[in-house]
Amino acid sequence: MKLNGTMAVNQKGHLEIGGCDTVDLAGEFGTPLYVVDEAHFRQNCRDYCRAFKDKYGAEVIYAGKTLLNLAVCRMVDEEGLGLDVVSGGELYTALKAGFPAGRVYFHGNNKSPAELEMALGAGVKRIIVDSLFELELLNEIAGTAGSKAGIILRLTPGVEAHTHEYVKTGQIDCKFGLVIDNGQALAVVKRALEMGNVVLKGIHCHIGSQIFDLGAYSHTARLMMSFAKQIYDVTGYAIKELDLGGGLGVYYTEGDQAPLVSEFADTVSRFVLKKASEYEMPAPKIIVEPGRSISGPAGSTLYTVGAVKEIPGVRKYISVDGGMGDNPRPALYQSSYEACLANKAGMAPAEVVSVAGKYCESGDILIRDIILPAAAAGDILAVSCTGAYNYSMSMNYNRLPRPAMVLVGGGRAELITRRESYEDLIKNDLIPQRLARVYTTTGG
Ligand code: LLP
């Protein structure tokens with residue numbers, strides 16, 4: 001496993017994160033355990049701020065869908081980033097953490113009237129409007145509330161970004177955003193400009209996630225700037241904000257080559273500036289919405305190894321006490337991860353094993369074929385780069401409680417999300433009257 005952030009192997013031969021021995025963390029907080037490396041998380045925020053904000057005056061919005069709880073909101077706030085939320089629940093979390101609503105951007109393709117009211121009431125800075133339906137709804141809700149909503153229109157530029165290529169086709173057929181090519185987007189821009197209760201600030205797109213090819217971003221910026229020019233020519237309105245979404249890839253396993261954040265910033269910013277001057281338009285403020293590239297590498301998950309099973313001539317499985325419930329990505333997307341035995345981090349790899357989760361699904365395999373030192377029950381397995389889309393996509397399948405999360409740094413570990421209890425699992429269950437009976441443990 002490639003060590004990242006503050007990871008190190010200490011004198012005991014144990015994996016350490018944030019100056020904390022992960023074997024001790026497993027002992028103190030139990031497993032499975034999400035571990036967030038505070039210094040690494042903050043460094044990733046700072047890299048973005050330096051590359052985009054300080055150099056080009058751009059706005060950096062952290063995508064909360066990757067990892068969000070109260071402590072994460074506080075760190076994002078302290079680092080001076082904005083926050084992208086996609087639901088009333090994420091917005092509620094931000095507000096409860098005291099995150100300034102004036103730096104919150106509200107996304108989503110089907111925000112409910114209640115969510116829009118909540119956002120307007122809280123003073124959310126921007127609502128990313130996804131459709132004509134939502135535009136009309138928001139204009140009405142803002143009118144009733146006597147407020148004006150600052151909006152950005154989400155567009156579908158028709159770029160589909162893959163790791164090593166991008167194509168301008170398929171993504172037109174997408175549940176998100178307004179299509180540029182067929183004229184829908186321009187019609188909605190015109191409609192927004194004539195409305196009384198919304199203020200159009202700019203345009204947005206998001207071309208995908210885990211993107212390594214910066215060419216996909218230049219290509220997208222070209223299409224977005226060309227549309228901005230069209231808006232300018234047709235309506236005389238020069239967009240003030242150009243939101244290019246998130247998506248920068250990160251290292252999970254060998255072969256993943258992520259560009260530097262500074263290269264990402266230079267590529268898109270220079271391109272937008274060049275186009276603006278070519279088109280003789282004021283340059284819009286660039287907004288980016290990184291999620292995975294901030295939270296992903298800053299998180300790891302600790303598990304305890306239980307059953308070890310060898311099928312001679314076929315495969316050796318080591319089973320851990322979590323799996324697809326705390327990390328659905330391998331089962332959902334065939335995602336790959338690296339791992340090490342945290343208590344044997346100094347030992348040489350000895351055998352190829354597959355790491356199985358404990359959920360009742362054959363597909364619940366966290367890692368297929370990984371080389372580890374000889375594993376035994378009681379070992380602690382650390383999986384790296386689980387900060388993004390793990391806790392946020394976790395579930396209670398098989399009624400397994402969600403893991404706890406600790407924030408580590410400077411040799412200290414603090415609980416930032418408590419482990420769910422069995423009691424938590426039944427706290428919303430109700431027994432209807434007709435099923436009510438007195439339950440006695442003596443039977444009868
Ligand atoms: N902005 C918008 C509008 C988005 O839809 C997303 C992610 C982001 C920003 C952040 O993208 P990032 O920088 O994290 O790539 N669950 C999948 C990924 C889903 C991406 C959803 N949108 C996974 O685990 O790979």
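This is a predicted model: local features need pLDDT of at least 70, side-chain atom pairs count only at pLDDT 80 or more; totals for chains, interfaces and linings use all residues.
Me: Let's start with strand 16, which strands is it joined to by bridges?

Reply: Strand 16 (residues 299-311) is joined by 4 bridges to strand 4 (residues 33-37), and the two run antiparallel. Another 5 bridges join strand 16 to strand 21 (residues 380-384), again antiparallel, and 5 bridges join strand 16 to strand 17 (residues 315-320), also in antiparallel fashion.

Me: How many residues lie between strand 16 and strand 17 in the hairpin?

Reply: There are 3 residues between them, and glycine 313, which sits in the turn of this hairpin, has a positive phi of about 75 degrees.

Me: Switching topic, how many cavities of 30 Å³ or more are there?

Reply: The count comes to 1 cavity of 30 Å³ or more, and the volume of the largest cavity is about 40 Å³.

Me: What lines the largest cavity?

Reply: Its lining consists of Tyr34, Val36, Leu67, Gly299, Thr386, Gly387, Tyr391 and Met405.

Me: Now helix 9, how far does it reach from its first C-alpha to its last?

Reply: Helix 9 (residues 261-278) has 18 residues and reaches 26 Å, which is close to the 26 Å expected at 1.5 Å a residue. After the helix comes glutamate 280, whose phi is positive, near 50 degrees.

Me: Which of its residues are buried, and what covers them?

Reply: The buried residues of helix 9 are Val261, Phe264, Ala265, Asp266, Val268, Ser269, Phe271, Val272, Lys275 and Ala276. What covers them includes helix 2 (38-56), helix 8 (214-235), strand 14 (241-243) and strand 15 (285-288).

Me: Last one, what is the strand order in the open sheet of 3 strands?

Reply: The order is 1-2-3, with antiparallel pairing, and the edge strands are strand 1 (8-9) and strand 3 (20-21), each of which pairs on one side only. Strand 2 (residues 15-17) is joined to strand 3 by 2 bridges, and glutamate 16 stands opposite aspartate 21 in strand 3.

Definitions and conventions
Residues are numbered from 1 along each chain as its sequence is written. Side-chain values use heavy atoms; hydrogens and water are left out. Two strands pair if DSSP finds at least two bridges between them. On a 1 Å grid over the protein atoms alone, a cavity is a set of points where a 1.4 Å probe fits but cannot get out, and a pocket is an open set with protein on both sides within 12 Å along at least five of seven lines; lining residues have an atom within 4 Å of a point. Grid points are joined across faces, edges and corners, and a volume is the space filled by probe spheres set on the points. The expected span of a helix is 1.5 Å times one less than its number of residues. Buried means under 20% relative accessible area, exposed over 50%, partly exposed in between (1.4 Å probe, protein chains only). Contact means heavy atoms within 4.5 Å.
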